[in-house]
Structures are given as C-alpha cells and as structure tokens.
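Me: I have a model open and a few things to ask about its side chains. Can we go through them one at a time?

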Amino acid sequence: MLARRISATSQRWPQCRAKVPSYPFFFLLIILTFNINAAAGTKASPKSPKPTNEDCLVCHGDSGLSTERNGKTVSLHVDSDKFKASIHGSMFSCVDCHTDLKSSPHETTPAKVNCSTCHADEQAQYDRSFHAKAIAAGDSKAATCTDCHGSPHELLPAADPKSRVNHLNIPATCGTCHGQKFVMEPSGHSNAQFLSYEQSVHGRAVASGSEKAAVCTDCHGTHEILAATDTKSPIFKFNVPATCAKCHGPVKEQFMQSIHGQAIARGNSLAPVCTDCHGIHSIKSHLDPNSSVNAANLAQVTCARCHEGVRLSQELGVEGSRASTYLASYHGLASKRGSQIVANCASCHGVHNILPSSDTRSTINRANLIKTCGQCHPGVSEKFTLGKVHVDAPLSADIGSKAVRFIRGFYLLMIFGVIGGMVLHNLIIWRRKAIIHRDAYPRTVTRMTDNQRWQHLTLLLSFFTLVITGFALKYPDSFLSMIPGMGERVRGIVHRIAGVVMIGAGVYHIVYAMFTRDGRKLVLDLLPEPKDAFDLVAVMRYYLGLGGKKPEFKRFTYAEKAEYWALVWGVFVMAATGIALWAKVTVGHLFARWWLDVATSIHFYEAILATLAIIVWHFYQIFLDPDAYPMNWAWWDGKMSAHHYEEEHGLDGETLLAAARAEEGNHGASAECEESETVTHE
C-alpha cells in the first residue's frame, strides 16, 4: 500500500519525479527501520519509579485530607515529623507496607495493610486471643493492633517513654477500652476491674513511676490474651501461682509447699491461689484497712470464705466454723474491737507457708507451739499451749472442753433460776403496791368507755404483733426470729392477720367517730387549737424553771392530741404500703417496679418511727410519768381518780362535774346502806 501511495504521488507531482529515486522499497525500508527502532527504544527505557515518602506526603501531609467510611469522617493526614521519628518511618518507606501503590497520586484506594507480613508470630498469637475471637463474633469494639500500639505512622518502640505500649503507659492504653463503661457493658463486661486496678498497690506504684510493678500485660500476656477459663491462660486458676511468681518468686516457693499449694498441684479447684486471698485487680497492701489480707479482715472475710462454711467439710472433710469459733475467742473479740496487735489467722497458721498441724514444719505443730505462742506471750510453757484458740467447746471432747460445757450448763440454770426468782419476787411486790396506790383515791372518772377500751386493746395487740413479726423478717439474726414456731411461713401469715386486724380496727374507729355521739365528741375534743401551741411553750417554761405557772388542760393535752393524729397518719401509711407489698404482682402491673421499692422503704421507716414513738412518748405518759406511777390504769378499766384527773385536765369541767355527782351518789348510797345496817342491828 505504501508503494502505491508513493507511486500515486509521483504521478500527481511529475515535477518532483526527477528528484525522487525510482526505488519504492527504499522508503518502505526506512519507515520499517524507524518503527523497529522506536519499538526497541520503548522496551529499553527504564521502569517508572515507585512513589517516595515525599511523593506521598505531598497529599497526606495536608491536615485537612480525609475520607468517609461508614458515615464517619476519617482523617488521612500523616504527620511527617512523627512518621520520621516512628520505628516504621526510620526503617521503611510508605510503599514497603502499601505494596499495591505504583504511582502518585494513586487512582484506587490502597488495600488495607496486613501487619502479619512482618509480624507473623504476633499475628498468630493475636488470632488465638480473646480480642480476635470477639471481633470474629461481631464485636466491633474489640481491640486491634492499632488500638493498642497506636497509628502505624506514629508507632514508637516499647522502650520509648512516649510509646503506648511502654510499661508505664500500659494501664492507660488498656484503660481506653477497659476503663470505659460504654465500651465494656455492651459486650457483657464491666469496667470495675480497671477502676479497681487503679486503686490497687500495683496501679498506684505504676502511677508513681515504678518500672517493676505489675501492669496488665504482666498478668494477662501481650498479644495472646486468653479468657480466664482457658487452660493456657496465665490467669487460669492453676496458672496463677506461676504468673505471680514472675515478680514474687520466693513467695511462690513457700506457697507451693503449703497445704494450699499442694492441693493446687493435685488439681483441687477448691484450694485457694494468690488471687483468692489477695484479690484480683484490687490487690492492696496488707496495711491498708480495706485490704482483704489486712489483719482485721482475715477471719471475718478472707479465711472465712472457705473455712467457715460447710462446703469444705462436705467435700474434703475439713472442719468448718473456724472463723466463728475464732471470733468467739478473746483474740476474735479483741480483733472486732479494732485491736491491731491481737493474734489473727496468719499470726498462728502462717501466711504463704500454711501447713497442717501434723507437719513438723507447721507453726501449729505441737512441737512449735511454744515458739508460735511466744511471739505474743513471751515465756509461755508447754501447758499454756494446750489451751484452745478456737472456742469450740461443743465440738471437742477433751477435759477442758467438757469442764467448760458443764460450767456453761450450770450457770445457764443459775441465771434462769436466780434471775427468774428475782423477777417473780419483785413482780409480786410491785403488783400489790400498784393496787394499793391505785385504790388510794376513789376512781370515779370515766376516762375510756368500754367500747373505746376494746378498740385500744385491739390496736395494742395488733400493733405489737406487727412489730415483732415485721422486725423478725428485717433482722433474721435477732432474738425476734428465735421465738418458737416463728418460721417464715408462720411469721408471714401472722403478720398479715395482724395487719388486717389493725386495718379493721381503723375502719371501725372511723364508723364509730361518724355515727356515735361519744365518737363524734371524741374527735371534736381531739382537734388541734391555738391553745395547744401556747400550752407547749408554757409547759417547757414551767418545767425548765423559767417562770410561769403550770398550765391546765382540757379533756386532752397537746401531747395526747399529737399522738392521736400521728396514729391516724401511721395507720393509713402502713395500711397503704402494706397492701401494696402484699399485692405486689397486681401493683407491679399497674405501676413501675420501683414503686414497690419505695413502698418497702416507707413501710420500714414508718414502722421504726411508730415503734419508737410508742415507747418514748406513749409509754412515758402511761408508765414513766411520776404523776401516773406505777401506771395510768385507764387503759385497763377506763377509770381515773378525780384527784389525778383534776391535776391533769382541770379545764374539763363537764367530766369533773359528772364525776363529782357520781361520787356524791356513791356516798349517799353508802350512807343509806350503813343506816340500814345500823337499824337492822338494833
């Protein structure tokens, strides 16, 4: 084709024919040669270079460079100074990690860098970790490489004080997740462990700059962090002694020779390890009052977890009740009183080197007791060491324990016999004197009608039944719960019956006050009036010796009025809250659950208030007031002497007049009887 074009051109421009050679293949050769050389030149040219760090930083050095990922703005900025100072920046270029980049700027988004390219072993460990499994299960908040190490563009070696994985910075790094409640709770975990660590002896030491104190990775590991239930985990129960031994080697040697360590070596999961006694994250110095190994807490808290209950007794035959029998001894009582020098569990049994008494190395072996007891009691003899530290007389069969049991029984009989006799003796005398005192003046004033006395008696019995059965539930270890037959079922039934009786008495009283003359008059006389406030001031002035005369009262004093209306309020509140708690399921359907908590709180504190008010206020007026001693008999038979009534209620002329007429009538009747008897005799 090229030859034809050349030929046509020659024909078209004949004037040029003479200047062009008549060799058509000559031009073809020249053109082919040019094309071949051009192609050869292209293949021989050098490859285009990969982007340098400077090329990348032309764009990524811009602090405003960002992109959108999952609806969030993500910065793509790389700080050139921090990158150059980082462990990666000092050794590698950008394309060493971003291997898919061929040009700058790049047209496609680079693939995510895989740390395992260089850190294969660490990646394999991480893949087996709790964090990796959480991510695989869908927990997007679980830690990845960058969460702990920081940005790969700013990553520093662990020896650098500014590194996120520097020893002193590990707690803060782990705390970015484990210290945040909103991060931990969705995955079913708590941030309490991290907060406890911060207050522990380890956490405080690290905060003070200690390079030796344990941090998270010392116990949990670094990349291969496993669950505590994993047998390979350093915090798996049977691995805990070895983990703690990284720092506390000599202690581990003692522990592994102890009875606890030997049990752990045999695979006994009931035996304690370091964390069972010292705590896990909340480990504190033994001098700290809040420490589980503080002297004051050993018997009551730490050792008691295992040695007080029956589990070890049932499973392994280890004697129980060791804490309670110690606390019942002088040592235990003094410890509860706050003594810092009295012997505790560790004083006698040892700390990490606890051995059974049959072991000759044990501090409580018979051959070593003089030395052990001599730490607190210098100069003790072998006979002294024969005494018991644990007060367990009912469980022992030695001569001393038998003697103690005999003496205990003897004195219990003496206490009940002698004191009971004294009570009976004084009760007989008191009863007779009370009757004589009661009959010293004719009791002609009707203070309470028969109807009112029955209402009062019903209220009295139901109230104290409620008090006893209610506080027996709240305080199950008190003497109230020891009443024979007061099991929970019986207690609950009796409490509800008493409540119904009290509510019934309240309803009856409302009907009585509305539809009977005595009831209406009773309520009217009990209504507060301004005089009551003045009477209160006058009473305080008179009895404090500040002047004035003793005030006189109407049918009811201000104290009696206050007590009556307090009773009305108390019955209403206790009835309402009691019914709500009784019908808790129904109330729970109608209101939020916390309403029942509020009702419980009101019921409890109102009960305390009412009980103390009766004892302090009402009992004083009935039994302890010197003017009424030994008691005001009106609650028993409704009567008072005119002399006493006039002293207390001198302004109630109507009642006093009625009493005077009744007394005159009695005198007239008595005179007629005497005259009749005289005539008959004559």
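Me: Let's start with Thr231. Buried or exposed?

Reply: Thr231 counts as exposed, at 53% relative accessibility. Buried means under 20% relative accessible area, exposed means over 50%, and partly exposed is in between (1.4 Å probe, protein chains only). This is a predicted model, in which local features need pLDDT of at least 70 and side-chain atom pairs count only at pLDDT 80 or more, while totals for chains, interfaces and linings use all residues. Residues are numbered from 1 along each chain as its sequence is written, and side-chain values use heavy atoms, with hydrogens and water left out.

Me: Where does Thr231 lie, and what does Thr231 touch?

Reply: Thr231 is in the loop between α13 (216–220) and α14 (240–244). Helices (H or I, at least four residues) and strands (E, at least two) are DSSP runs, numbered from the N terminus. Leaving aside residues up to four places away in sequence, Thr231 touches Phe236 and Asn239; contact means heavy atoms within 4.5 Å.

Me: OK, salt bridges. How many?

Reply: The count comes to 18, where a salt bridge is a side-chain nitrogen of Lys or Arg within 4 Å of a carboxyl oxygen of Asp or Glu.

Me: Which residue meets Arg443 in one?

Reply: Asp637, at 2.4 Å, N to O. That pair links distant parts of the chain, 194 residues apart: Arg443 is in the loop between α25 (399–438) and β3 (445–446), and Asp637 is in helix α33 (residues 634–637). Asp637 is partly exposed, with a relative accessible area of 22%.

Me: Which residues are linked in a network of salt bridges?

Reply: Glu529, Asp532, Lys554 and Lys561.

Me: Switching to rings. How many aromatic pairs?

Reply: A search of the whole structure finds 15. Rings of Phe, Tyr and Trp (its six-membered ring) pair if their centres lie within 6.5 Å; planes under 30 degrees apart count as stacked, over 60 as edge-to-face, and the rest as tilted. Phe591 and Trp595 make a tilted pair, 5.7 Å centre to centre with 50° between the planes. Phe619 and Phe623 form an edge-to-face pair, at 5.5 Å and 90°.

Me: How are Phe619 and Phe623 placed in the helix?

Reply: They are four residues apart in helix α32 (residues 594–624), so about one helical turn separates them. Phe619 is partly exposed at 26%, and Phe623 is partly exposed at 29%.

Me: Which charges lie over the face of a ring?

Reply: Among them, Arg438 lies over Trp633, at 4.9 Å from the ring centre, and Lys474 over Phe604, at 4.7 Å. The rule asks for NZ of Lys or CZ of Arg within 6 Å of the ring centre and within 35 degrees of the ring normal.

Me: Last one. How do β1 and β2 run?

Reply: Antiparallel: four bridges join β1 (residues 66–69) to β2 (residues 72–75), and strands pair if DSSP finds at least two bridges between them. Lys72 in β2 is the bridge partner of Arg69. The two strands form a hairpin with two residues between them, and Asn70 in the turn has a positive phi of about 55°.
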